[in-house]
Amino acid sequence: GQPCSGHGKCTDGACTCADGYNGPDCSLQCPGESESGPCSGNGKCMEDGSCECWSKFFGPDCSNVCTCASGKCMDGASGTGACACLSGFWGPACDQQCPGGAETPCSNHGK
């Protein structure tokens, strides 16, 4: 076969892989190839061919964007995009404020 699986350059017996390919022989392709690069341009291609998403992006190819307004997103390649709301906020995107606000949510009489 071709050196470096046709996806890299062989120098002194080691492969330097093209963008979006990894592994010792450049045979592992990261998902989400786009004009912006592998991982939909929203992450880094790892040695095992998986993506490591930048903050606020999720999914195996990092193509999904978190929408949490006031909370922490379950981001990353294995993330779901679900939001863990900060105190005083609720809703799928943590964009609804509880009565009483963040200081005294529900007037300190509930959750």
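Reader: Leaving aside neighbours within four places in sequence, which residues is Asn42 in contact with?
Author: This is a predicted model, and in it Asn42 sits in the loop between β4 (28-29) and β5 (43-45). Once neighbours within four places in sequence are set aside, its contacts are Cys53, Trp54, Phe57, Cys62 and Ser63.

Reader: Is Asn42 buried or exposed?
Author: The cut-off for buried is under 20% relative accessible area. Asn42 has 16% relative accessibility, so it counts as buried.

Reader: Where does Cys39 lie, and is it buried or exposed?
Author: Cys39 is in the loop between β4 and β5. Its phi is near 60°, a positive value in a residue other than glycine. The relative accessible area of Cys39 is 0%, so it is buried.

Reader: What is the phi of Lys56?
Author: Lys56 belongs to the loop between β6 (51-53) and β7 (57-58). Most residues other than glycine have a negative phi. Lys56 is not a glycine, yet its phi is positive, at about 80°.

Reader: What share of the residues is buried, and what share of the contacts joins residues at least 24 apart?
Author: Of the 111 residues in the chain, buried ones make up 32%. For the contacts, take those between residues at least 6 apart in sequence: the share joining residues at least 24 apart is 9%.

Reader: How far apart are the mean positions of the positive and negative charges?
Author: The chain exposes about 6,900 Å², with carbon and sulfur atoms supplying 52% of it. As for charges, there are 5 positive and 12 negative ones, and their mean positions are apart by 9 Å.

Reader: Which residue in β2 is the bridge partner of Thr11?
Author: Strand β1 (residues 8-11) pairs with strand β2 (residues 14-17) in the antiparallel sense, over 4 bridges. The two form a hairpin with 2 residues between them, and Asp12 in the turn has a positive phi of about 50°. Across in β2, the bridge partner of Thr11 is Ala14.

Reader: Which residues does Ala84 touch, not counting those up to four places away in sequence?
Author: Ala84 is part of strand β10 (residues 83-85). At 34% relative accessibility, it counts as partly exposed. Not counting residues up to four places away in sequence, Ala84 touches Gly71, Lys72, Met74 and Cys94.

Reader: What about Ala82: which residues is it in contact with, leaving aside neighbours within four places in sequence?
Author: Ala82 is in the loop between β9 (71-73) and β10. With 38% relative accessibility, it counts as partly exposed. The C-alpha atoms of Ala82 and Gln96, 14 residues apart along the chain, are separated by 15 Å. Leaving aside neighbours within four places in sequence, the contacts of Ala82 are Cys68, Lys72, Cys73 and Met74.

Reader: Leaving aside neighbours within four places in sequence, what is Ser70 in contact with?
Author: Ser70 has its place in the loop between β8 (64-65) and β9. It counts as buried, at 18% relative accessibility. With neighbours within four places in sequence left aside, the contacts of Ser70 are Cys85, Leu86, Phe89, Ala93 and Cys94.

Reader: How far apart in space are Pro99 and Ser50?
Author: Pro99 lies in the segment after β12 (96-97). Its relative accessible area is 61%, so Pro99 is exposed. Pro99 and Ser50 are 49 residues apart in sequence, and in space, C-alpha to C-alpha, they are apart by 43 Å.

Note on methods. Residues numbered from 1 in each chain as written. Predicted model: local features only at pLDDT ≥ 70, side-chain atom pairs only at ≥ 80, totals over all residues. Heavy atoms only, no water. Buried < 20%, exposed > 50% of the residue type's maximum accessible area, 1.4 Å probe, protein only. Contact = heavy atoms within 4.5 Å. Pairing = 2+ DSSP bridges. Areas by Shrake-Rupley, 256 points an atom, 1.4 Å probe, with all protein chains shown as cover. Lys, Arg positive; Asp, Glu negative; His and termini not counted. Charge placed at Lys NZ, Arg CZ, Asp CG, Glu CD.
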